[in-house]
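Morning, everyone. I'll keep this brief. Let me put the structure up, and then we'll go through the side chains and the sheet.

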Amino acid sequence: MAVGRSEKGDGIFMFPMRQGIIVWLYSLKHSKQLRKYGNVHYVSKRLKYAVLYCNMDEAEETMRKLASLPFVKRVEPSYRPYVKVEFESKADKEREYEYGI
């Protein structure tokens, strides 16, 4: 089981790392069946897709199972866990440049 780290990096908390999966559907009448594969977070009626979350360890296997269902058009992983979320301020860069002169 993948376990996340605290923001300070001083310890481990016991929440499992989660992975979002976007499931494109042919019809929304089967969207309730997705609940047995993970937590359904959102269902778009207009675009016919659902977002569900499962444990990161089980994500590949869950995606494979979902892709084999007859009412599923396409399955895509969410790349949010892999995106860097620490941003630098533009003002900080400008100050560094001013002091460098």
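Start at Arg74. Arg74 counts as partly exposed, at 42% relative accessibility. Partly exposed here means between two limits: buried is under 20% relative accessible area, and exposed is over 50% (1.4 Å probe, protein chains only).

Some housekeeping. This is a predicted model, so local features need pLDDT of at least 70 and side-chain atom pairs count only at pLDDT 80 or more, while totals for chains, interfaces and linings use all residues. Residues are numbered from 1 along each chain as its sequence is written, and side-chain values use heavy atoms, with hydrogens and water left out.

Back to Arg74. What does Arg74 form with Glu76? A salt bridge, with the closest N and O atoms 2.9 Å apart. The term means a side-chain nitrogen of Lys or Arg within 4 Å of a carboxyl oxygen of Asp or Glu. Glu76 is partly exposed too, at 28%. In general, side chains of opposite charge can pair when their charged atoms come close.

How many salt bridges does a search of the whole structure find? Two. Lys65 and Glu61 also meet in one, at 3.3 Å, N to O. Both lie in helix α1, residues 59–67. They sit four residues apart, about one turn of the helix. Helices are DSSP runs of H or I, at least four residues; strands are runs of E, at least two; numbering goes from the N terminus. Lys65 is partly exposed at 41%, and Glu61 is partly exposed at 43%.

Now the sheet. Four strands form an open sheet, in the order β4-β5-β3-β6, with antiparallel pairing. Strands pair if DSSP finds at least two bridges between them. β4 (39–44) and β6 (72–77) stand at the edges with a single partner strand each, so one side of each has no neighbour in the sheet. The twist averages 20 degrees from one strand to the next.

Look at β4 and β5. Five bridges join β4 to β5, residues 49–55. Val40 stands opposite Leu52 in β5. Helix α1 packs on the sheet and touches β3 (18–25), β5 and β6. The direction of α1 makes about 165 degrees with that of β6. Axes are lines fitted to C-alpha atoms, for helices over the stretch in contact; angles run from 0 to 180 degrees between N-to-C directions.

Last stop, Val51, in strand β5. Is Val51 buried or exposed? Buried, at 15%. Leaving out residues up to four places away in sequence, Val51 touches Ile21, Ile22, Asn39, Val40, His41 and Tyr42. Contact means heavy atoms within 4.5 Å.
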